[in-house]
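User: I'd like to learn how to read salt bridges and sheet layout in a model. Could you walk me through one?

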Amino acid sequence: MNRPTWWRHTAAHDEDTDAPAVGQIPENRRQALIKLLWTGIWMAYLGAPVSDLMEGNHTVPATVFGALGLLVFVGIYLLLVFRYTGRAMSRASVHRGLVTICVLAAVLTVTLGEAWLVLAVYVSVAFGAVLPTRVARWVILLNTAAMVGAGLLVRGSDDLMSALVVPSLLGGFAMSAVRQMVRTTRALREARATVAQLAANEERLRLARDLHDLLGHSLSLITLKSELAGRMLPGKPEQAAQQVADIERVSRQALVDVREAVSGFRRPTLEAELAGARTALAAAGITADLHRAGAHHPDLPPDQEGALAWALREAVTNVVRHSGARHCVVTLGEVGDDLCLTVTDDGRGTTGPHGNGLTGLAERLQLADGRLETGPGAHGGFTLRALAPLSRSAELPAGPSPGP
């Protein structure tokens, strides 16, 4: 079964479920683990405070305080970074988390020494991850300045402090850019899903229009011939058998048309529809005048011919089913750069809004750069005019060459 291009692209994307996309919420434990692994790589820079605790440079209470403070800091940091790839947190929770890691970074640096200055880099990254870009850029600068101020209070941290200024600024601004990229990626993913949905809806509308046009015409003809066969059965069995044979032929053709319409390959022709119109009008007892409707025009493109053929089918179906007419005239002629199909009957006419058939026909003609016009006929009844543009090759006649 042929599937539209948008469906194949979406399916190919969905098959890759092991690697989480940027900005996409993890759908399973594997994706969550991969995201955690990528985030955890950057935790290697916490080796300095961990080594400071393990080397026994502090008293036991200070070591316990430092270990607990580091665990709380890392936990809150990971929670904030994962905020936009997992379940959303409230704004108050985000602000409390940011204040907590800022306080922990400052207190641990001042009380335990220069090795803890690296926590300020993680604070800048957290700012870039969760705050709006306009706010984040100023807060990152303030956090870096606060790190420099804390470094001045810690003896012997001048070299480390100067080495961490660039990572603090770069890490914060880079995370802010990543956050913006995540939001853009999500918007693009939602837009692609919307386009796919619109394409699916358009395909359903196309199929609905085709089925309405196909089955409306064929079922109307089957109904008329069934009524004729029923009236002929008592005294004219041979003619009734002919009507039944016609019913079988029409139903088989309707089945073929429906299959082709579902597959998207069917394009009706004016020649076939004119023949069908003649049969349908004759079966309904309506006098048909089709001698001014030629079946072929050399400048009529296939898409425009298909649109006019659908218009002829819909117009004749309405005449047979709804008009109560006794005469129907079908003409086909050029009007300027358009080919105009006109179907006029002497029936009751119509005063209400267009039904599904005419609405779908107007949409079909619009797709072929044509238009639909309807209204009362010159002598009563109803007139339908469908216009489609012709494709002409402009060739200038060769004339005498201009003189000097």
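Analyst: Happy to! Side chains of opposite charge can pair when their charged atoms come close. Here, Glu-273 and Arg-313 form a salt bridge, with their closest N and O atoms 2.9 Å apart; the term means a side-chain nitrogen of Lys or Arg within 4 Å of a carboxyl oxygen of Asp or Glu. The pair ties together parts that are 40 residues apart in sequence, because Glu-273 lies in helix α10 (residues 270–283) and Arg-313 in helix α11 (residues 302–323). Helices (H or I, at least four residues) and strands (E, at least two) are DSSP runs, numbered from the N terminus.

A word on the basis: this is a predicted model, in which local features need pLDDT of at least 70 and side-chain atom pairs count only at pLDDT 80 or more, while totals for chains, interfaces and linings use all residues. Residues are numbered from 1 along each chain as its sequence is written, and side-chain values use heavy atoms, leaving out hydrogens and water.

User: Are Glu-273 and Arg-313 buried or exposed?

Analyst: Both Glu-273 and Arg-313 are buried. Buried means under 20% relative accessible area, exposed over 50%, and partly exposed in between (1.4 Å probe, protein chains only).

User: How many salt bridges does a search of the whole structure find?

Analyst: Four. One of them joins the side chains of Asp-338 and Arg-371, at 3.2 Å from N to O. Asp-338 sits in strand β3 (residues 338–345) and Arg-371 in strand β4 (residues 371–375), so this pair links distant parts of the chain, 33 residues apart. Asp-338 is buried, at 15% relative accessible area, whereas Arg-371 is partly exposed at 41%.

User: Which other residue does Arg-371 form a salt bridge with?

Analyst: Glu-373, with the closest N and O atoms 3.3 Å apart. Glu-373 is partly exposed, at 29% relative accessibility. Through shared partners, salt bridges join Asp-338, Arg-371, Glu-373 and Arg-385 into one network.

User: What is the strand order in the sheet?

Analyst: The open sheet has five strands in the order β1-β2-β3-β5-β4, with mixed pairing; two strands pair if DSSP finds at least two bridges between them. The edge strands, β1 (287–292) and β4, each pair on one side only. β4 runs antiparallel to strand β5 (residues 382–389), and five bridges join them. Thr-374 stands opposite Leu-384 in β5.

User: Which helix packs on the sheet?

Analyst: That is α11, which touches β2 (327–335), β3 and β5, where contact means heavy atoms within 4.5 Å.

Technical notes. Axes are lines fitted to C-alpha atoms, for helices over the stretch in contact, and angles run from 0 to 180 degrees between N-to-C directions.
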